[in-house]
Amino acid sequence: MLRLKARDSLPSDPDHPMKRLVFLIQTPMGASVEPQESLDAVLAGSAFANCAVIFLGLGVTQLRRSERSDFRKDFNRGFRALSDFEVDDIFYCEAAARDHGLLDHELIVEARSLSPDAIRQQIIDAHAVMSF
C-alpha cells in the first residue's frame, strides 16, 4: 500500500499524468464573495492537481496591490500564498489589463500576460476549467 505524506507526489506514470485545473477569475474584488471563494478553490485544488489561474475582464483588478483591509480576507497575503501551494502558473489577459489600466509594477504576485489565443490554448489543454 502506497502511503503519502503532505507534499509527497504520486509516482510518475506516463499513462496518468497529473491533472491540470484552470481557474478563470472574472469577478472584481468586493463585488461578491466569489473572489474569496475562487482563492479558496485554487488553494484546495492545488493539493490534487497542477493549477493555473487566469484573470480575465474585471477579474484582472484583483491583481492590483491594495491597501484596503476591509475585505473578508487579506487578499494580498492570500495571493502571495499561491507560490507556497506550488501554483506558479498565474496569468492575466493582456487586453483586460490594458482596458483597466493595470500596470506590471502594480501586480500583487508575479503573473504573465497572455493573448486571447494563448488563453484559449490554456483552456483547451486543461482537464477541467472552473470559472468564478
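## A walk from strand to cavity

Start by selecting R20 and N50: a polar contact of 3.4 Å joins their side chains. (A polar contact is a pair of N or O atoms within 3.5 Å; within protein, one must be able to donate a hydrogen and the other to accept it, and residues adjacent in sequence count only if both atoms are side-chain atoms.) Before going on, note that this is a predicted model, in which local features need pLDDT of at least 70 and side-chain atom pairs count only at pLDDT 80 or more, while totals for chains, interfaces and linings use all residues. Residues are numbered from 1 along each chain as its sequence is written, and side-chain values use heavy atoms, with hydrogens and water left out.

**Stop one: R20**

R20 lies in strand β1, residues 20-25; strands (E, at least two residues) and helices (H or I, at least four) are DSSP runs, numbered from the N terminus. Is R20 buried or exposed? R20 is buried, because its relative accessible area is 14%, and buried means under 20%, exposed over 50% and partly exposed in between (1.4 Å probe, protein chains only). Leaving aside neighbours within four places in sequence, the contacts of R20 (heavy atoms within 4.5 Å) include D89, F91 and H127.

**Stop two: S131**

Next, select S131 in strand β5, residues 128-131. Show L24 as well: the C-alpha atoms of S131 and L24 are separated by 4.6 Å, although the two are 107 residues apart along the chain. S131 counts as partly exposed, at 48% relative accessibility.

**Stop three: E86**

Move to the loop between α2 (75-80) and β3 (89-93), where you will find E86. E86 is not a glycine, yet has a positive phi of about 60°. With a relative accessible area of 54%, E86 is exposed.

**Last stop: the largest cavity**

Finally, select I25, S38, L39, V42, V53, F55, F79 and L82, which line the largest cavity. A cavity is a set of points on a 1 Å grid over the protein atoms alone where a 1.4 Å probe fits but cannot get out, and lining residues have an atom within 4 Å of a point. About 40 Å³ of space lies in this cavity; grid points are joined across faces, edges and corners, and a volume is the space filled by probe spheres set on the points. Which element gives the most to the lining? That is α1, with three residues.

How values were computed:
1 Å grid on protein atoms, 1.4 Å probe; cavity = no way out; pocket = protein on both sides within 12 Å on 5 of 7 lines; lining within 4 Å.
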